[in-house]
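This report describes how two protein chains are arranged and how they meet. Please consult the sequence and the structure shown below while reading.

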2 protein chains.
Amino acid sequence: MTRALSPSPLTKQAFAPFGDVITTDGATELSINEGTTTRFHDLAEVDTAADGGRPLISIFRGQPRSRPVPLYMMERHLIGSQAFYPLQNRPWLVVVAERRDSVAPEDLRVFLAQGHQGVNYHRGVWHHPLLVLEPDSDFLIVDRGGTGMDLEEFWFREDQKIFEII
Amino acid sequence: MTRALSPSPLTKQAFAPFGDVITTDGATELSINEGTTTRFHDLAEVDTAADGGRPLISIFRGQPRSRPVPLYMMERHLIGSQAFYPLQNRPWLVVVAERRDSVAPEDLRVFLAQGHQGVNYHRGVWHHPLLVLEPDSDFLIVDRGGTGMDLEEFWFREDQKIFEII
């Protein structure tokens with residue numbers, strides 16, 4: 001049994017329980033470099049220092065899944081934040097759920113991020129792995145490096161409803 | 001008196017004394033997310049923890065300077081690295097100098113970065129403020145936040161040769 005979900009627009013207010021929207025919209029603007037540069041300042045709460053962690057910069061290259069996209073698992077990082085920023089100005093999908101021990105399919109929230117919007121998942125926030133809409137979609141990533149694998153996965157049971165993004 | 005400089009291609013090898021080139025080329029590749037994502041892993045040495053610092057994510061929007069570009073000052077951050085990644089796949093200019101107490105105009109190294117190349121200036125590396133070639137050129141920035149202003153500027157004397165990028 002499946003049920004269709006359609007994404008909501010990604011806004012700072014709607015995303016606040018899950019993390020930061022990384023965007024120039026509404027940011028603190030500083031004029032620097034003799035007036036040749038505007039700095040949109042401090043757009044995400046990077047939280048990577050716990051347990052001897054350090055911030056990493058990586059690039060993710062994502063491939064689209066078949067549509068509609070079935071949502072059968074979620075993941076989270078308990079000791080580090082994870083930021084994604086799109087590098088080709090392409091819209092992409094963000095799926096999150098409240099910070100509880102487990103996830104129910106009904107908890108899923110689906111957002112359509114614009115190509116000038118990144119997100120930073122706060123520690124412990126359930127999120128779906130990267131969902132892009134076009135082949136070879138690149139993102140700059142800022143997340144935690146350190147000892148141990150900071151990844152928890154939650155797979156829905158076979159008898160649970162599966163939601164699909166249409 | 002001015003002297004013209006033309007930029008060299010930006011390569012990891014040539015840039016190694018100054019910092020990291022952030023690029024998928026030559027990176028460690030990990031397949032994640034059920035094979036739908038390639039992670040180009042750990043591309044820069046983010047170094048923002050000294051003196052109670054924390055990593056910041058910001059966006060810089062740069063405007064081009066007049067050409068040829070005169071190089072009359074350099075700056076550095078003594079206790080934090082600073083990473084720049086272009087968001088519109090546009091080539092841009094990188095100017096650096098060796099880590100000494102002061103800068104001589106003859107020390108300047110000028111690179112042309114491609115639109116899929118970011119850089120991460122290591123702590124204490126002299127660099128020119130952002131130099132873009134087209135209006136409204138956006139970059140994702142990862143640098144250090146914390147107490148105090150971690151910025152040192154070095155202005156060339158009026159009787160020194162000024163180099164220009166042609």
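What rotation superposes chain B on chain A? A rotation of 180° does so, with 0.0 Å of shift along its axis and an RMSD of 0.0 Å; the superposition is by least squares on the C-alpha atoms of residues with pLDDT of at least 70 in both copies. That is the relation of a two-fold axis. Leu87(B) is the residue of chain B that comes closest to the rotation axis, with its C-alpha at 2.6 Å.

The model is predicted, so local features need pLDDT of at least 70 and side-chain atom pairs pLDDT 80 or more, whereas totals for chains, interfaces and linings use all residues. Residues are numbered from 1 along each chain as its sequence is written, chains are lettered from A in the order in which they are written, and side-chain values use heavy atoms, without hydrogens and water.

| Item | Value |
|---|---|
| Contact residues (heavy atoms within 4.5 Å) | 41 residues from chain B and 41 residues from chain A |
| Buried area (accessible area lost, 1.4 Å probe, summed over both) | about 3600 Å², 57% of it on carbon and sulfur atoms |
| Salt bridges (Lys or Arg side-chain nitrogen within 4 Å of an Asp or Glu carboxyl oxygen) | six salt bridges |

Arg39(A) forms a salt bridge with Asp143(B), their closest N and O atoms lying 2.9 Å apart. Strands E5 (37-41), E6 (54-62), E9 and E15 (137-145) of chain B each supply at least two residues of the side that touches chain A. The largest share of that side, nine residues, comes from E6(B).

Notes:
Buried area = accessible area lost by both parts, 1.4 Å probe. Helix = DSSP H or I, 4+ residues; strand = E, 2+ residues; numbered from the N terminus.
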